Amino acid sequence: MIKLTTPLTVEKIKQLHAGDEVLLSGTIYTGRDAAHKRLMALIEEGKELPFHLEDQVIFYVGPTPSKPGKVFGSGGPTTSGRMDAFAPTMIKLGLRSMIGKGYRQQAVKDAIIKYHGVYFGAIGGAGAMMSNCIKECTVIAFDDLGPEAIRRLEVEDMPLVVVIDSNGNDQYELGRNDYLSTCK
């Protein structure tokens, strides 16, 4: 198990390999489809973003409402492919990592390789467990989007798996190939 703390620099990212298990701590941000559309509009208009992308992590999540005494509702990862139209631009502008579930398009993989990023997979269907890793939560932009607003999270030991490393190795492909080789 590899312990990582944000911000995630190129040096930290280059040490990771597809399949590595990670416990992530530090500041991360949330954002889903609607928030990404607004971020892209700001980028296209040359306006300032609600947070600096350099070496940051975006968790593709839209949490349920928080229960009394909790800082974050249940929040499992959403399907990352929904953000594939936006991810290459954001990676080019310095976004270092994304957390989600599911496959990524080749354009995202290419950007990960070119700009030294990483794609982490989180456990789908385990939103309540994931929310226990979140120690602080503050809405920082697009409050009108409700669960899809951008939040700044302070996380501690969030369990993740490196799905796509900075060399483009994809755990989904590697796992499938390993499985198929055992079936021969």
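Helix α2, which covers residues 33–44, has 12 residues and reaches 16 Å from its first C-alpha to its last, close to the 16 Å expected at 1.5 Å a residue. The expected span here is 1.5 Å times one less than the number of residues in the helix. Helices (H or I, at least four residues) and strands (E, at least two) are DSSP runs, numbered from the N terminus. The model is a predicted one, in which local features need pLDDT of at least 70 and side-chain atom pairs count only at pLDDT 80 or more, while totals for chains, interfaces and linings use all residues. Residues are numbered from 1 along each chain as its sequence is written, and side-chain values use heavy atoms, with hydrogens and water left out.

The buried residues of α2 are Asp33, Ala35, His36, Leu39, Met40 and Leu42. Buried means under 20% relative accessible area, exposed over 50%, and partly exposed in between (1.4 Å probe, protein chains only). These buried residues of α2 pack against β3, α3 and β7. After the helix comes Gly46, with a positive phi near 70°.

His116 follows α4 and has a positive phi, near 60°.

Turning to the strands, β7 (residues 150–164) runs antiparallel to β2 (residues 21–30), and 8 bridges join the two. Two strands pair if DSSP finds at least two bridges between them. Within this pairing, Thr27 stands opposite Glu154 of β7. Strand β6 (residues 134–141) also pairs with β7 in the antiparallel sense, over 6 bridges, and Thr138 has Arg152 in β7 as its bridge partner. Strand β5 (residues 118–121) is antiparallel to β7 as well, joined to it by 3 bridges. Here Gly121 is opposite Val161 in β7.

Val57 belongs to strand β3 and counts as buried because its relative accessibility is 1%. Contact means heavy atoms within 4.5 Å. Leaving aside neighbours within four places in sequence, Val57 is in contact with Thr6, Leu8, Leu24, Ile28, Tyr29, Leu95, Ser97 and Ile99. The C-alpha atoms of Val57 and Gly94 are separated by 10.0 Å, with the two residues 37 apart along the chain.

One of the contacts of Val57 is Ser97, a residue of strand β4 (residues 97–100). Ser97 is buried, with a relative accessible area of 0%. Apart from neighbours within four places in sequence, Ser97 is in contact with Leu8, Gln56, Val57, Ile58, Val118 and Phe120. A polar atom of the Ser97 side chain lies 3.4 Å from the backbone oxygen of Val118.

Another serine, Ser80, lies in the loop between β3 (57–59) and α3 (87–92). Ser80 counts as buried, because its relative accessibility is 0%. The side chains of Ser80 and Tyr119 are joined by a polar contact of 2.8 Å. A polar contact is a pair of N or O atoms within 3.5 Å; within protein, one must be able to donate a hydrogen and the other to accept it, and residues adjacent in sequence count only if both atoms are side-chain atoms. Not counting residues up to four places away in sequence, Ser80 touches Tyr60, Gly100, Lys101, Arg104 and Tyr119.
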